[in-house]
Amino acid sequence: MSSSEHDVEKRVSPPLGASVSSPGEVVGEIRHDYGADSELQRRLSSRHITMIALGSSIGMGLWLGSGTNLLSGSMIWSVSHSIGEMAVMYPLPSSFVQWTNKFVDPAAGFTLGWCYWFSYWITIANELQGVVTVLGFWTHKVPTAAWITIFWVVIIGINIGAVSFFGEIEVIASAIKFGWIFVVIISFIVISAGGAPHHDAIGFRYWNETHGFTHGFKGFLAVMPTCIFAMSGSENAGLVAAETENPRKSVPKAVSSIWIRLALFYILGSLMVTITVSPSDNDLFGGSGTNASPFVIAYRNAGLEPLAHIMNAVIFISVLSTGSISGYAGSRTLVGLAQIGMAPKVMAKADSWGRPWYGLVPTLLIGGGLAYINVDHTGAEVFGWFSNLTSLFTLFGWGLICLSHIRMRHAWKVQGRSVKDLPWSTWTWPWAAYWGLAWCIILMIAEFYLAIWPLGDATTAKNFFSVYVSVIAMIVIYVVAKLAYFRGRRWVDSSQVNLDESRRFYASHELHDGTNFEVMTTCVLSFAVPPDRLGHDPARYMEVGPTWPQEQREVVLHDLKQELDQEKCKSPMDQIESRGFAVVKNQSKTLGPLEQQEQWNAAYLEETVQLIKDQLGADAVFVWNSVTRSADPALHTAYGSNHFQDKAIQGLQFAGTIRPAASGVHVDQDAPNSRRICKAGACDDVFEKYSRVQQLNVWRPLKGPVTYKPLAVCDGSTVREKAASVHMGMFGTRVILHHDDAQKWYYIKRQEPDECLILKIYDSSVRDGQAEYAPHTGVDDLRGADGAETFRESIEVRLIVCYT
């Protein structure tokens, strides 16, 4: 393969999920969502995720537990909003784990993933033993092991169907649970008022006796594990998002429903319990097992036996629902762990129906098997032991979700991105995230106090470990993971986080709904063929010529137009330092038509010099070169025979010539070549005379809008070292780029002459986390995304910019 202009390997494939157009078909604008994909299938709709979010936390913890409180409610409200913002942008399998790994610390992500997986199969065991307690309301004739086996098989059956089947089952179960809570609230008010058959007007008698709390502060702490356990599962919307058709639509709806869960299920539900059930009732939570639920107790004590039976049936549905959700969530946790190399890769695989068998089998097998320990224990003992284990795992998970959200926002800010670029943002930022994180930490410490000094019991090693063993397990896993696998920084460096990797991108029409949006366009660019596909001969890049071995790849362009319309966008210098280029609005007073360039060229160069001084505060600016380009082949000027890399720089070499639109991602010069140019174009002692020297290009079209071969520019902070090589061009060495999914690309949609791009080629002062340069190229194929295509005409002025 020669290094001629025909040295282009055609490899146009749609790795990002967009279809390739037929001739004349307009598909350049993103019509379909893509990204954050796996072998799981997106078969769940907004209806599924909303109902799963509503019902996933209505399980045994609510109906069999002893109520909840406003604090735990405010915590899950905070966590849900953090989940919402991240799940829309990163809807991944085992999302909490992958967010923690990406934004916080891989060792923390490893610990969270495996602890959460432990908690899911513990919950399966817990819910199966809950079946025994619930069915004991009707009969004790069936052996405990038989009940566990029967409903273990039911949970397996729900999980081994297609994900859409699982979704429909959960919608039905959630609808029943959601509807029944209204019956509970109304009937309990009637009971409290004396309208039940026993005609005992309870009023607020029990509330007045205890004011809603028993045993003071210690009692409050003692009930917290059960409260947290009752609300665990509320975060499942973040997991389900990975298999939802459109997380951008579905997740915000699920998040917005959180107040319904808190108000109806927990706050009002708990209030109803406190006004209708005496806290000293002998049957409350674990007496004989037949009256384990305070809701059932209330109906029985009021003489409403039919409602007690219906209540028990709803509890039964809730238990099975939560068990099946735990099987689903546990298997998806293993998928996510495998995706980031923290579990065997085989666990990331799924069949044609989207079922991850390598995650489902161990989760369901261990969870069901563990339930059989209930054969030798009372339901209440097992429930208390498991809920303590799971609640602290849940607190750990909630805390890391909030921390991941905080770190994600920090990375977003450090990398110079606008909140308006988020596909969905929560109105609760930042207070809710910090509130949730703070209380998770406080309660973990408070539970340590309770583990040492338990309520109504002596301080023993048995009591301590039964309450706090999960925290010990988390610490051990984290320390081992940190020392053995994830040594290095304590935190992930926010400036180095690849914010677009594993991200979900949404079609433009999905985002134009009055909320935050980002317009994106698919296109084709030419990249350098990687060295490992050149026969291990990188010298091919050093062959003198205008081009190099290339391949075409499909990428996504992010529109910069909205930045030009923002009054409070980052300063041009901040833009250049953070990503290697800046966009500025500037109406030229000198620019004219291409055919009259000789008349306006000199004045335009002076105007550009002043523009850079004004925008960047430069002390000296030197024009060393300028290039006029046209996409019309009839206007191109051929290179002369004397234009080779050893040609000394003498003023404006290309004055009076018209070049084609550049093809092939590149940076005009590498650092050594740029330093040579700075000395030749400014002065020999430029680096001694000035504290900072930059080589910048100012690019703008001569006429607009640009609809054909616009300039695409890469965020320099997303360029990894392995993606860059050096090419010996006709005027010295330059940087060429290989395709890398980590790269983020931009352009100005339908760019006009008053919309300028300032590109950094070289900077003598680049700090850690800043972009070294801005790779760029003319777009090979925009696929008609910006309308009727007309030949582009443009001018780029190449400058040496100095600061004292």
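Predicted model: local features only at pLDDT ≥ 70, side-chain atom pairs only at ≥ 80, totals over all residues.

Visitor: Why does the length of α22 agree with what a helix should span?

Guide: Helix α22 covers residues 597-616, and at 1.5 Å a residue its 20 residues should span 28 Å; the end C-alpha atoms are 27 Å apart, so that agrees.

Visitor: Where is the kink in α22 centred?

Guide: On Ala 603, and the kink is about 25°.

Visitor: What do the buried residues of α22 pack against?

Guide: They pack against α21, β5, β8, β13 and β15. Among those buried residues are Trp 600, Tyr 604 and Leu 611.

Visitor: New topic: what's the strand order in the open sheet?

Guide: The 6 strands run β4-β13-β8-β15-β5-β6, with mixed pairing. At the edges sit β4 and β6, each pairing on one side only.

Visitor: And how do β4 and β13 pair?

Guide: In the antiparallel sense, over 5 bridges. For example, Val 584 has Cys 756 in β13 as its bridge partner. Helix α22 packs on the sheet too, and its direction makes about 45° with that of β15.

Visitor: Let's look at Arg 629. Buried or exposed?

Guide: Arg 629 counts as buried because its relative accessibility is 13%, under the 20% cut-off. You'll find Arg 629 in strand β5, residues 620-630.

Visitor: Which side chain does Arg 629 join in a polar contact?

Guide: That of Glu 796, at 2.8 Å. Arg 629 also touches other residues, including Ile 658, Pro 660 and Ser 794.

Methods:
Residues numbered from 1 in each chain as written. Heavy atoms only, no water. Helix = DSSP H or I, 4+ residues; strand = E, 2+ residues; numbered from the N terminus. Buried < 20%, exposed > 50% of the residue type's maximum accessible area, 1.4 Å probe, protein only. Polar contact = N/O pair within 3.5 Å; in protein donor to acceptor, adjacent residues only side chain to side chain. Contact = heavy atoms within 4.5 Å. Expected span 1.5 Å × (residues − 1). Bend = angle between axes of the 7 residues up to and from the residue. Pairing = 2+ DSSP bridges. Axes fitted to C-alpha atoms, helices over the stretch in contact; angles between N-to-C directions. Lists of a residue's contacts leave out its neighbours within four places in sequence.
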